[in-house]
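User: Hi! I am new to reading protein structures and would like to learn by asking questions. Could we look at one together?

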Amino acid sequence: MSNTEAHPAEVRCGAGEDGAPAAGVEILTARDVPLGGPRAMTVRRTLPQRARTLIGAWCFADHYGPDEVARSGGMDVAPHPHIGLQTVSWLFSGRIEHRDSLGSRALVRPGEVNLMTGGHGISHSEVSTPDTRVLHGVQLWVALPSEHRDTAPAFQHHVPAPVALDGGEVRVFLGSLAGDTSPVGTFTPLLGAEMTLHPGVTVTLDVDPGFEHGVLVDSGDVRLDGTAVRPAELAYAAPGRRSLTLTNEAPAAARLLVLGGPPFPEEIIMWWNFVGRTHDEIVRARADWEGDSGRFGRVEGYPGDRLPAPVLPNATLSPRRNPRP
């Protein structure tokens, strides 16, 4: 589950209907990554990559499924640590059991958000349930700002109500959109929502012009402001827009996630499951995990060993930020 970018994904500029680039829109393509653990499950990763490290404070996006569990083995991620971030779990189908070192034991279900704050240190496991036949969803991370990156760990759960649109539906799990606001707490302004579009419709959403936005397409023939976005791609829209126009040209419903936030002003280091600011900070976190210092607590009830940390690269880890415009 390393986040180092040895082989960054291709980035191509978005193109409008006439083939010309759409101003401020980029298309980030995914790369296949085996999720850690003895029974690895392949995910499609669109963040981070060399061309774009963050969208707002969103710093990590894995998209997986639909996977037939009988064939793939499902998800089985042994206890592992986190610092400096919040994890956001969102499912389209299946169920995942979450256990963490706070003693939380919760199910991740379709249409329900689980947000875990790593802060100074937490550990957790993720295992698809025995009754899950098809596993399909996303795993997202949010970088915590410097003044909060050592905050106490925490866990939140919320079931957003569907909001009807003229041509679709939206479920807001973080922030505000389409007149609905999530009560889930974050440390920077954020937007996170699942949206479905009926066949052949166009929907325009009012958004905060101070935010940059990402649109991750799960299914459908979708265009963002005229730019085609294929399934598993993440479209980036620069700040300054007061609206996003989304079109589904497919004969079946489309599904996508809308992510957003103000540009994150800090450089970060992402290595394995850690988000920090300096090489030494990452080294200390790894040593605390490997030495079982107590910083990350213990996950009770997982039937197996915890994940060992990978070996650090033979080089100093350097902070990364988005390329300057």
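This is a predicted model: local features need pLDDT of at least 70, side-chain atom pairs count only at pLDDT 80 or more; totals for chains, interfaces and linings use all residues.

User: Let's begin with a helix. How far does α2 reach from its first C-alpha to its last?

Analyst: Helix α2 runs over residues 279-290, which gives it 12 residues. At 1.5 Å a residue, a span of 16 Å is expected. The model comes close to that, with a reach of 17 Å.

User: Are the buried residues of α2 on the same side or on opposite sides of the helix?

Analyst: The buried residues are H279, E281, I282, A285, R286 and W289. They cover an arc of only 165° around the axis, so they sit on the same side of α2.

User: Which strands do those buried residues pack against?

Analyst: Take the buried residues of α2, with I282 and W289 among them. Their partners in packing are four strands, given here with their residues: β6 (76-82), β11 (122-128), β26 (269-271) and β27 (274-276).

User: How are the rings of W289 and F296 arranged?

Analyst: A pair of aromatic rings is described by the distance of the centres and the angle of the planes. For W289 and F296 the centres are 5.7 Å apart and the planes are at 80°. Planes over 60 degrees apart count as edge-to-face. That is why this pair is called edge-to-face.

User: Which residues are linked into a cluster by ring pairs?

Analyst: The model has 7 aromatic pairs. F296, one of the cluster's members, is buried at 3% relative accessibility.

User: Which residue lies over the face of W289?

Analyst: Here we look for a charge over a ring, and the distance to the centre of the W289 ring is 3.8 Å. Elsewhere, the charged end of R255 sits over the ring of F92, 4.2 Å from its centre. Over the face of W289, the residue is R306.

User: Now the peptide bonds. Where is P66 found, and is the bond from G65 cis or trans?

Analyst: Most peptide bonds are trans. Another bond to look at joins L47 and P48, with omega about -5°, and is cis; P48 lies in the loop between β4 (42-47) and β5 (58-68). P66, in contrast, is found in strand β5. With omega near 0°, the bond from G65 to P66 is cis.

User: How far apart in space are G137 and W90, C-alpha to C-alpha?

Analyst: G137 is found in strand β12 (residues 134-143) and is buried at 0% relative accessibility. Residues it touches include W90, L91 and F92, as well as D62. G137 and W90 are 47 residues apart in sequence, yet their distance in space is 5.8 Å.

User: Last one: what part of the chain is strand over residues 42-142?

Analyst: UniProt, in an unreviewed entry, lists these residues as "domain: Pirin N-terminal". Over this stretch the end C-alpha atoms are 21 Å apart and helix makes up 4%. Strand makes up 62%.

Notes:
Residues are numbered from 1 along each chain as its sequence is written. Side-chain values use heavy atoms; hydrogens and water are left out. Helices (H or I, at least four residues) and strands (E, at least two) are DSSP runs, numbered from the N terminus. The expected span of a helix is 1.5 Å times one less than its number of residues. Buried means under 20% relative accessible area, exposed over 50%, partly exposed in between (1.4 Å probe, protein chains only). The arc is that of the directions from the helix axis to the C-beta atoms. Contact means heavy atoms within 4.5 Å. UniProt positions are given in the numbering used here, feature names are shortened, and annotations may be inferred rather than shown by experiment. Rings of Phe, Tyr and Trp (its six-membered ring) pair if their centres lie within 6.5 Å; planes under 30 degrees apart count as stacked, over 60 as edge-to-face and the rest as tilted. A charge sits over a ring if NZ of Lys or CZ of Arg is within 6 Å of the ring centre and within 35 degrees of the ring normal. Lists of a residue's contacts leave out its neighbours within four places in sequence.
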